[in-house]
Amino acid sequence: MSPLSRKKQKSTRRHFLPLRIGIILTLGALSYGGVILTQLQIINNNEIQDVDVVFITNLLPPPANTIVSRQNVAEPNKTVSTRTHFANRKKKTEKEEHIMFINNTDLDVNDLFSATWLQNVENFLLMDKNRIRTVEDGALEAARRSGVKPNVRMTVDWLDFCVEHLSKWWKIFDAPNNVKPTKTVIGFLRNYTRHGMTMLDETEDGSHRPSTALEDTLALIAFQPYSSNKELGKELTTVSLAATMASLYQAGFGRVVVVGLQPDDVIFTRNAVEFLGESLAGITWGSNVINNTTLSNSTMIGAMQVGHVHVIEPSWFTSKFIQHNVPRSAIVGLQLALKGEMNAQDTIEWLGHTSQRWKYVYLTEPDTILNTRREKLSQLRDAAEKGLVLVPHRLQPIPHDSDIKGLPRHNAISNDKPEFSVRGLDSSQGHSCCDAGNEHPGREGDKCGDFWWKCGYSLQADKDSLKAHKQILKYGFMRLSTGTGVVSLAGTEYGRRCIPRRSGTCISTVLR
């Protein structure tokens, strides 16, 4: 029987360019994570603006005449953007430097988990399915083997290759069960798909197209719906998948295959494609569901092919610790297709009608938004071509009053203290977030029994928010205007951190 649903058969030196205002610091004494203050002020929208962006853990109070407010909040059913639509955006300041990679000896194994990676087909086919025993192993098997594999790389400048992982963020305020904030989340995601395609370039005929650097890359999305029996959960699932696909579309991926274990998962894929087709002005698209279980092989978003595979073969998704391991089923299925071990029709569902085209594979989840720079896409491809396995930094969004108003303190961080101010970063304008080294200060003394960054939400944050959130104050907060626009830690869920900068370049030993 076919396994498908049809009934037929690195020690890195980190320094920053000299600050224009002439501050000299010994970074070694600060463990690359010291507090550097430059010209800093709190401005409208309660965001931080500076000449040379620095990381701050203890901000001075704003001047008495400073206006602290936030206007661009995504209200339900209202289109609000923290970025400019690609047709009207500012002229980009492109960064021409080579991508710099962190020495893999300077990485902790936990840093490698972003549920996402990019690698060439040869490396992908070497992945051992028998070692994928948990959901997380689908990502980690590509990157670790008795420690960090020698060919694994993460970027020194996080904005060169990072992802925003959203579901842990919205679960803190009980989405999709909590109606009002769930609608706000949906508003952010709808807004991103409609106005966030900042990597598209305008062509001579007036159309807007992505780069072709990753056109030979096939992306796998290991799919599971969120409370799909509820209408709001269905909508959140659809727009989250659509936003993930939109981030891949603007990066120029050649094909996306959504892999699920339930027969009605394909409906979410179709609805996401239709939503994107309606959202992206001037983009040719088309989709069709055959017999309610199979997505038409001609489904496209612009030049990006979209497929959906319903896996029913238990040996693909059954693993030692997880009975329904979706990432494992996606990896096993694609390996078989690429090795020619499927019948012709099944192969088309995985690879499309151009089965020999695919040179690179990208794995991700349906709530994970890719952030990179258009001018760095070819360098990412070339690194994968050389045999490197590229792992993006997994940013951790944080519930913050500037995004979602009205939540109790155990569900969101206050917007009324300067320590909780947010720094806006725009990768299209040359902004960076420079890796701060192999330290994880937020995890020190972590005894709350939950993820370290969530400790403040369970420690009576409504009584003393600064004390409750002392772990994450070691990082501070940023907002990527070329991403979803929601507030994130300047760090990952496992505690690695980066130093935001609005000028200059992250300097490091370059690894190839």
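**Exercise 1.** Determine how the reach of helix 5 in this predicted model compares with its expected span, and how much of the helix is covered.

*Solution.* Next, 17 of the 20 residues are buried (under 20% relative accessible area, 1.4 Å probe, protein chains only). Just after helix 5, G252 takes a positive phi of about 85°.

Residues are numbered from 1 along each chain as its sequence is written. Because the model is predicted, local features need pLDDT of at least 70 and side-chain atom pairs count only at pLDDT 80 or more, while totals for chains, interfaces and linings use all residues; side-chain values use heavy atoms, without hydrogens and water.

**Exercise 2.** Describe the surroundings of Q119.

*Solution.* Q119 is found in strand 4, residues 117–120 (a strand being a DSSP run of E, at least two residues). Q119 is buried because its relative accessible area is 1%. A polar atom of the Q119 side chain lies 3.5 Å from the backbone nitrogen of F124. Leaving aside residues up to four places away in sequence, Q119 touches (heavy atoms within 4.5 Å) several residues, among them M127, A142, Y360 and L388.

Note on methods: Helix = DSSP H or I, 4+ residues; strand = E, 2+ residues; numbered from the N terminus. Expected span 1.5 Å × (residues − 1). Buried < 20%, exposed > 50% of the residue type's maximum accessible area, 1.4 Å probe, protein only. Polar contact = N/O pair within 3.5 Å; in protein donor to acceptor, adjacent residues only side chain to side chain.
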